Amino acid sequence: MEAKGICNGYLKRLPKSVEMREVGPREGFQRGNIVPILADARKPQDYTWIEPADILYQDVAIPDQSEILIRNARVFLKPDGFAMIAIKSRSIDVVRPPQQIYKEELKKLSEYFKVLDKKELDPYEKDHMFVVMKPKA
Ligand SMILES: C[S@@+](CC[C@H](N)C(=O)[O-])C[C@H]1O[C@@H](n2cnc3c(N)ncnc32)[C@H](O)[C@@H]1O
């Protein structure tokens, strides 16, 4: 789960970034405006000390990224919060057409979230789709 980038300057509270590699947390310490958490985003039970979040952004390049976002949202996302994900179709399946992957991931995400907007990022980020959502009431 990620919360970093140029928008940090506009946020009132410190973003947290869950990262498995040490490089992510190190970058967070250097920037000084991200709280890095060295943990597996698949296991939100390992960082339950985090307060409820207004925004969750999921950017991990692994096949179960939708499930991970839902799992974290159940624990941390406020009922009126926003969730964002960059679906990386080639990390989910390098062979199948991205359109097919997007359809399947949107179906999974729609079980927990209401999809507010979605955009394919080609040619800026090849075979990626960005999705903005809210938890279903
Ligand atoms: C595409 S990079 C995005 C990094 C960050 N959003 C950025 O823009 O710099 C995906 C990151 O997810 C991390 N990652 C992969 N699996 C993870 C997991 N289970 N838990 C936490 N981080 C994970 C990888 O180490 C990698 O740094």
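Me: What covers the buried residues of α2?
Reply: Keep in mind that we're looking at a predicted model. The cover over the buried residues of α2 includes β3 (53-58), β4, α4 (98-110) and β6.

Me: Which residues in α2 are buried, and what makes them count as buried?
Reply: They are Gln 65, Ser 66, Ile 68, Leu 69, Ile 70, Asn 72 and Ala 73. The label takes 20 or more other C-beta atoms within 10 Å of a residue's own, so each of those seven passes that cut-off. Over the chain, buried residues make up 28% of the 137 residues.

Me: How do you know that the reach of α2 is close to the expected one?
Reply: Helix α2 (residues 65-76) has 12 residues. The expected span is 1.5 Å times one less than the number of residues, and for α2 that comes to 16 Å. From first C-alpha to last, α2 reaches 16 Å, so it sits close to expectation.

Me: Why do β4 and β6 count as paired?
Reply: Pairing needs at least two bridges. Strand β4 (residues 77-88) and strand β6 (residues 128-135) have six, in the antiparallel sense, so they pair. Ile 87 stands opposite Met 129 in β6, and Met 84 has Val 132 as its bridge partner there.

Me: How many bridges join β5 to β6?
Reply: Seven, with strand β5 (residues 113-120) and β6 running antiparallel. So that pair also clears the cut-off of at least two. Val 115, for one, stands opposite Met 133 in β6.

Me: What is the strand order in the open sheet, and what makes β3 and β5 its edges?
Reply: The four strands go β3-β4-β6-β5, with mixed pairing. β3 and β5 each have a single partner strand, so one side of each has no neighbour in the sheet. Neighbouring strands are turned by 15 degrees against each other on average, direction ignored.

Terms used:
Residues are numbered from 1 along each chain as its sequence is written. This is a predicted model: local features need pLDDT of at least 70, side-chain atom pairs count only at pLDDT 80 or more; totals for chains, interfaces and linings use all residues. A residue is buried if 20 or more other C-beta atoms lie within 10 Å of its own, exposed if 12 or fewer, and partly exposed in between; C-beta atoms are placed from the backbone. Two residues are in contact if their C-beta atoms, placed from the backbone, lie within 7 Å. Axes are lines fitted to C-alpha atoms, for helices over the stretch in contact, and angles run from 0 to 180 degrees between N-to-C directions.
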